[in-house]
Amino acid sequence: ITALSSAQITAFKPFSFYATTAYCSPASILAWSCGTNCDANPTFQPTASGGDGVDVQFWYVGIDPTLKTIIVGHQGTDPEKIVPLLTDADFFLTKPDATLFPGLDSAIEVHNGFADEHAKTATSVLAAVQSAMTKSGLNDITLVGHSLGAALALLESVYLPLNIPGATFKTIGYGLPRVGNQAFADFIDKNVQLTHVNNQQDVVPTIPGRFLGFTHPQGEKHIQDDLSWLDCPGQDNTDKKCSTGDVSNVFEGSIPNHLGPYDGVQMGSATCSG
C-alpha cells in the first residue's frame, strides 16, 4: 500500500468535477453554465446530455480539448436513497443483456438494478460518443461518475469498447458500490483501466455485501482521515487502510463521507447552480 503524491492527487481534480457535474441538469450542462463545476473545466465542449433525473439518471458527453479526451458522465443518487437500494432484498445478480453485451463469458453477473439503469441510456450514450469522436478526431474516452453514476460508468466501460473497437478508455469512479460478481471483477481487471476513489468511511463502497456474491475489481484509491490518498492493490483489499478493511459492516460506515470531500471536491446536486 503506497501513498499518492500531491501531483498524482491533483491530477484527479478535473475528473472529480466532471463526476459531480453529472448531477446538474442537461440544460445547464449543454449551456456549460452550472456554476463551480462547469467553471472548473472551462474549455469543455458539451455535445449531448439527457435523462430526467427521476426515472432516468442524467448523463452527458462532450469534448475536453485540454485533456484531449471525450468525457462521459453519469449522475449518481442521493446517498440516503442508494443505501436502501443496495441493502434491501429486492436486487440480485443477473447476466448482462446479451444484446448490449455480446460475447461476454456466461459466468459474468451484475447487479440487476444497475443493469436496468444502464440499459435505459446505453444506445443514446453510444451514439453521442461516436458523434463526439467524429467531431473531435479524438479516440480517447474517459468515463466518470459518483455513487450510482460510478456503477453506470463501470458498466459503460464494458459496453462501449464492445461497440467502439480501437478507442482507448479509462474509468474513474467515486464512491463506487460493488457492481458484479467475481467473474465480472476479473473481467474488469483484465480489460478496463479503472480507478475507484473511496473517501474515508464511506458506506457505499462496502455494499452490496461480499457475502451476497459481489466483488470489487482492483484500482482502489482510499482517502484517509488525514485526507492523504493511498493506493490499495487487489480486489477488496482487507487492510485497515483500505475501504473494505476500514468499514467491516454498514453500521460502521458514513453516509456524509460518500459526498466527499475528494481533494476538496464535493459530490451531489447541491453543487449545481444554473
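Predicted model: local features only at pLDDT ≥ 70, side-chain atom pairs only at ≥ 80, totals over all residues.
You'll find tyrosine 60 in strand E3. Who surrounds it? Setting aside neighbours within four places in sequence, tyrosine 60 is in contact with Tyr18, Thr21, Ala22, Ile29, Phe44, Ala48, Ser49, Ile71, Val72 and Gly73. Now look for alanine 128: it sits 68 residues from tyrosine 60 in sequence, but the two C-alpha atoms are 8.6 Å apart in space.

Next, take a look at the nonpolar cores. The largest one has 45 residues, and Val61, Val129, Ile141 and Phe184 are the members that touch the most others. Strands E3 (59-64), E4 (69-74) and E7 (140-146) each supply at least two residues of this core, and so do helices H6, H7 and H8 (182-191). The largest share, ten residues, comes from H7. Zoom in on valine 129 and, leaving out neighbours within four places in sequence, you'll see contacts with Val61, Ile70, Val72, Ile141, Leu160 and Ile164. There's also a second, separate core of 25 residues, with Tyr18, Cys38, Tyr262 and Val265 among them.

Now for a pair of helices. Two packed helices are described by the angle between their axes and the distance between the axes. The axes of H6 (residues 112-136) and H7 (residues 148-163) come within 9 Å and cross at roughly 55°.

Which peptide bonds are cis? One runs from isoleucine 207 to proline 208, with omega near -10°, and proline 208 lies in the loop between strands E9 (194-199) and E10 (220-223). Another joins glycine 260 and proline 261, with omega about 5°; proline 261 is in the segment after helix H9 (243-246).

Then there's phi. Lysine 68 has a positive phi of about 55° although it isn't a glycine. You'll spot lysine 68 in the loop between E3 and E4, where it is exposed, with a relative accessible area of 55%. Leucine 227 also has a positive phi, near 70°, without being a glycine. Leucine 227 sits in the loop between E10 and strand E11 (229-232), and its 46% relative accessibility makes it partly exposed.

Conventions: Residues numbered from 1 in each chain as written. Heavy atoms only, no water. Axes fitted to C-alpha atoms, helices over the stretch in contact; angles between N-to-C directions. Helix = DSSP H or I, 4+ residues; strand = E, 2+ residues; numbered from the N terminus. Core = buried A, V, L, I, M, F, W, Y, C linked by side-chain atoms within 4.5 Å. Buried < 20%, exposed > 50% of the residue type's maximum accessible area, 1.4 Å probe, protein only. Contact = heavy atoms within 4.5 Å.
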